[in-house]
Amino acid sequence: MRHGKIDARARSRSLTFVMRFSVPAMVLALAAGPWTDMIAVKGAATNMRAIAQVSQARMFRWRDAKGMLLSGPSNETLSNNWSGYGINGGGNYTAMQGTWTVPAVSYQSYSGSPDVEASSTWIGVGGQDGDETLIQIGTMQAAAPDGETEYFAWYEVLPETEVPISRKQYPVKPGDTITATIQCTAACAPYALSTWVLTLTNAGSWPQPYTITLQYASSLTSVEWIMEGPCIKDCGSSSPGFAYMPNYGSTTFSAISVNNTTPKLARSPSGIIMKDPNGNAMSMPSDPIGNSFTVNFTI
């Protein structure tokens, strides 16, 4: 097992990490609508490594013109950036797990023609309804118009940006079966500086799991299994810019558990639907069946 501690040098390296795409030079087009500062990148060729930084964000909800929260047809949460299922309330969530198959992604043409699209698949503790704490681990899938794709594993604790996991030691590709666990092992109380162990297993592909131990103060108030449109601009602000999501088809979360038990998920109130800038559902969960559910790209 690989173990480590987050230090200042590692955080500094994580802040400089960006996605690896050769894409047009940066001309930022900020799209109107509930997806605040949605970014489209246009112009002459340059390297995405020099112009974009990726991060996961806490959940942002859709609201109407008066600021009132909107809900889906079965009272699901409507979000700018998350889709899947989450449990909020009850507290003291100190252990969780989920398994998924890494989806193959392809570039999806939207109005505004963004030049890089990204999705992230993860489990996490925290981050709902204004909670600024979030600890998470998962995989990233991204696509460019020329057909180039990118897949890698990562972890993140807000307010830091994501930390990519070595592609050489822990490669990720479509079809891989990923199992993620998050476990608090010491001082497990709300907002206490607790010890957490994050583990990622790639069945049949990695000779051993990736594991990291870190210190983090979590609210412990929610848990999630999410397909996300990650943040690529102003990620620490109240109005971050989210990536357009590529066509990922579908992927199933299975073997999910919370505090070592199977959670009782339901579309109301646990389901989360992600909408595009025009208000159309673009990523949404199926009904849960036992300890599993499927998220689907719907545009």
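**Reading the features**

Reply: Happy to. Let's begin with a link between cysteines: C184 and C188 form a disulfide, with 2.1 Å between their sulfur atoms. Keep in mind that this is a predicted model.

Me: What kind of bond is a disulfide, and which hand does the link of C184 and C188 have?

Reply: In general, a disulfide is a covalent bond that joins the sulfur atoms of two cysteines. Here the link of C184 and C188 is left-handed, with -105° about the S-S bond. The structure holds one disulfide.

Me: Is C188 buried or exposed, or something in between? And what about C184?

Reply: C188 is partly exposed, because its relative accessible area is 33%. C184 has a relative accessible area of 6%, so it counts as buried. For the protein chain as a whole, buried residues make up 54% of the 299 residues.

Me: Let's go on to strands. How do side chains sit in a regular strand, and how many bridges join β12 to β13?

Reply: In a regular strand, side chains alternate between the two faces of the sheet. Nine bridges join β12 (residues 177-186) to β13, and these strands run antiparallel. As a landmark, T181 stands opposite T199 in β13. The hairpin of β12 and β13 has six residues between the strands, and A187 takes a positive phi near 55° there.

Me: Which strand is joined to β13 by eight bridges?

Reply: That's β14 (residues 210-217), again running antiparallel to β13. In this pairing S194 stands opposite Y216 of β14. β13 and β14 form a hairpin too, with six residues between them, and G204 in the turn has a positive phi of about 80°. As for cover, β13 (residues 193-203) has eight of its eleven residues buried. Over the protein chain, the secondary structure comes to two helices and 21 strands.

Me: Now the rings. What describes a pair of aromatic rings, and how many aromatic pairs does a search of the whole structure find?

Reply: The distance of the centres and the angle of the planes describe a pair of aromatic rings. The search finds eight aromatic pairs. One of them is W82 with W122, which is edge-to-face at 5.1 Å centre to centre, with 80° between the planes. W82 lies in β6 (residues 82-88) and W122 in β8 (residues 117-126), so this pair ties together parts that are 40 residues apart in sequence. Both W82 and W122 are buried.

Me: Why is the pair of F253 and F293 called stacked?

Reply: Their planes are at 20°, with the ring centres 5.2 Å apart, so F253 and F293 count as stacked. F253 lies in β18 (residues 250-258) and F293 in β21, so here too the pair ties together parts that are 40 residues apart in sequence. Both F253 and F293 are buried. Ring pairs also link F253 and F293 with Y85 and W100 into a cluster. As a side note on rings, the charged end of R167 sits over the ring of F152, 4.4 Å from its centre.

Me: Where is S292 found, and which residues is S292 in contact with beyond its neighbours within four places in sequence?

Reply: S292 is in the loop between β20 (281-285) and β21 (293-297). Its contacts, leaving those neighbours aside, are T252, F253, S254 and I256. S292 and I256 are 36 residues apart in sequence but 6.4 Å apart in space, C-alpha to C-alpha. S292 has a relative accessible area of 19%; the cut-off is under 20%, so S292 is buried.

Definitions and conventions
Residues are numbered from 1 along each chain as its sequence is written. This is a predicted model: local features need pLDDT of at least 70, side-chain atom pairs count only at pLDDT 80 or more; totals for chains, interfaces and linings use all residues. Side-chain values use heavy atoms; hydrogens and water are left out. Helices (H or I, at least four residues) and strands (E, at least two) are DSSP runs, numbered from the N terminus. Buried means under 20% relative accessible area, exposed over 50%, partly exposed in between (1.4 Å probe, protein chains only). Contact means heavy atoms within 4.5 Å. A disulfide is a pair of cysteine sulfur atoms within 2.5 Å. Rings of Phe, Tyr and Trp (its six-membered ring) pair if their centres lie within 6.5 Å; planes under 30 degrees apart count as stacked, over 60 as edge-to-face and the rest as tilted. A charge sits over a ring if NZ of Lys or CZ of Arg is within 6 Å of the ring centre and within 35 degrees of the ring normal. Two strands pair if DSSP finds at least two bridges between them.
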